[in-house]
Amino acid sequence: LDISLKSTYKENDLYVCLAMDNSCLIFKENNYIKDYPFIGIYGTNNSNITFDYCEITNIGNRDTQQENIKDQLYYGDGIRINNSSLNGKSIKVNRCGGVGLNVSHSSKANVDDSYGEYNGHHALMASSSSNVSAQNATFLHTTDDNVVAYGSSNIDFRNGTSSYSHSAYGLIATRGSSINFDKGISNGSFEAGIMANRGSIIDATSAKVSENIKIGIIASNDSKIEFSNGIIENSGTDGIQSTHGSIVNARNSVIKNSGRYGMLAYGAQIYALESVIDTTISHGANSTRGGYIDIAYSQVLNTGEEGILAYGSSINAFSTIIKNCLFNGALSTRGGDINLTQSSISYCSKNGIQAYGGIIKGNEITISNINLNPVLSTNGGDIYIYEVKLENNSSNYKDLVSQKASIIRIDSDLYTHNIPYNKLTTGSL
């Protein structure tokens, strides 16, 4: 076809511009379909559609939708295929009330270099064991999720941009699906820039995530996100969340300007070795409810509360710099466990390290420029520290304080040469 099609439908009519059943449709380049009330192109039963360098605009009920409401009526797909194939390089798909590009039921699509904005439900969706290549594509300003892989589906979205979901996620893989988002960009979405859920995997190596209203990236319910060499900036709450058995690998990444935590492991794992966590309203790294965080060889800087917090969980901060914390540099509580071997903690407004019913251990630790106690063990806390340097700390407080049935274990040379004052209370050691 070398034509463009524009509807003159009557109000409340619902119909499809072109419907293909076990057929082949080839649109010549630079044509368009616009103003149809239900679907622009529908292909099923092994149909093959070619729509390169063409445009679909204003399908369905987009003009009557509310911009920032997730749960509302969505209908009108630009292109929908079931058990079929689509070749659509550089498609423009704008203002579709349902899904701009809907690839379902074991279908295949190539929509590399495509562009979509102001769609309703989703800009691009692969579902029910479908496969999509959307390399270098850009999808912006969708009311719901921008890009979705659902139900054992896969999207190759390398070098893509998926930003400004008005009520949900920039991109989400869920129910055993995967997205390759290598070197992608996901900014300014409401819930999060990147979400992996329900046993799904997202490879976002070297991705950039910025200005998301709530979370930068989140892996939930036994999912995995690969975010090595990535950048997360200006998240409204947490830069990284890993929850409910999930894993986030953020090695050599930068997490900056988080509205709550730099990272949160909630019954899950985060590996962020050689990373920088800078400027958080609350904790830099928070491991809780059986979580585990590894920030070895990293920097945790400028935190509004604790530098690192282990709440009934574990943190490995081997050879890590923790600096400029408004509360404690490291706090282990409720059975938490922190390793600080070869780390340095400095310029904390409260204590350097505090074990409050938790454990802190490590060798060759430097603690300096602390306003209150450099080392505090309380409420059944247990601290094992050897070859420790305590420098330039406040003269108004004791260097070592063990109280309320707690323990501090240190080498004897520390007492002899480095510690002019210490304080023990009844029942403590």
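Strand 34 (residues 276–280) and strand 37 (residues 299–303) run parallel and are joined by four bridges. Strands here are DSSP runs of E with at least two residues, numbered from the N terminus, and two strands pair if DSSP finds at least two bridges between them. The structure is a predicted model, in which local features need pLDDT of at least 70, side-chain atom pairs count only at pLDDT 80 or more, and totals for chains, interfaces and linings use all residues. Residues are numbered from 1 along each chain as its sequence is written, and side-chain values use heavy atoms, with hydrogens and water left out.

Isoleucine 277 has valine 300 as its bridge partner in strand 37. Strand 37 also pairs with strand 40 (residues 321–325), in the parallel sense and over four bridges. In strand 40, valine 300 has isoleucine 322 as its bridge partner.

Threonine 280 belongs to strand 34. This residue has a relative accessible area of 5% and is therefore buried (buried means under 20% relative accessible area, exposed over 50%, and partly exposed in between, with a 1.4 Å probe and protein chains only). Beyond four places in sequence, threonine 280 touches Ser258, Arg260, Tyr261, Gly262, Asn302, Thr303 and Gly304, where contact means heavy atoms within 4.5 Å.

Serine 104 is placed in strand 11 (residues 99–104). Its relative accessibility is 6%, so serine 104 counts as buried. The side chains of serine 104 and serine 127 are joined by a polar contact of 3.2 Å. A polar contact is a pair of N or O atoms within 3.5 Å; within protein, one must be able to donate a hydrogen and the other to accept it, and residues adjacent in sequence count only if both atoms are side-chain atoms. Residues touched by serine 104 beyond four places in sequence include Ile81, Asn82 and Ser130.

Asparagine 48 lies in strand 6 (residues 48–50) and, at 30% relative accessibility, is partly exposed. Its side chain makes a polar contact of 3.5 Å with that of serine 85. Among the other contacts of asparagine 48 beyond four places in sequence are Ser23, Cys24 and Leu25.

The structure holds five aromatic pairs. Rings of Phe, Tyr and Trp (its six-membered ring) pair if their centres lie within 6.5 Å; planes under 30 degrees apart count as stacked, over 60 as edge-to-face and the rest as tilted. Tyrosine 297 and phenylalanine 318 form an edge-to-face pair, with 5.4 Å centre to centre and 70 degrees between the planes. Tyrosine 297 lies in the loop between strand 36 (292–294) and strand 37, and phenylalanine 318 in the loop between strand 39 (314–316) and strand 40, so the pair ties together parts 21 residues apart in sequence. Tyrosine 297 is partly exposed, at 47% relative accessible area. Elsewhere, Phe139, Phe157 and Phe181 are linked into a cluster by ring pairs.

The charged end of lysine 34 sits over the ring of tyrosine 32, at 4.7 Å from its centre (NZ of Lys or CZ of Arg within 6 Å of the ring centre and within 35 degrees of the ring normal). Lysine 350 lies over the face of phenylalanine 327, 4.2 Å from the ring centre.

The mean pLDDT, the predictor's confidence in each residue from 0 to 100, is 94 for the protein, and 94% of its residues reach 70 or more. Over residues 414–420, pLDDT stays under 50, and the model has 11 contacts beyond four places in sequence for this segment. Where pLDDT is low, predicted coordinates should not be read in detail.
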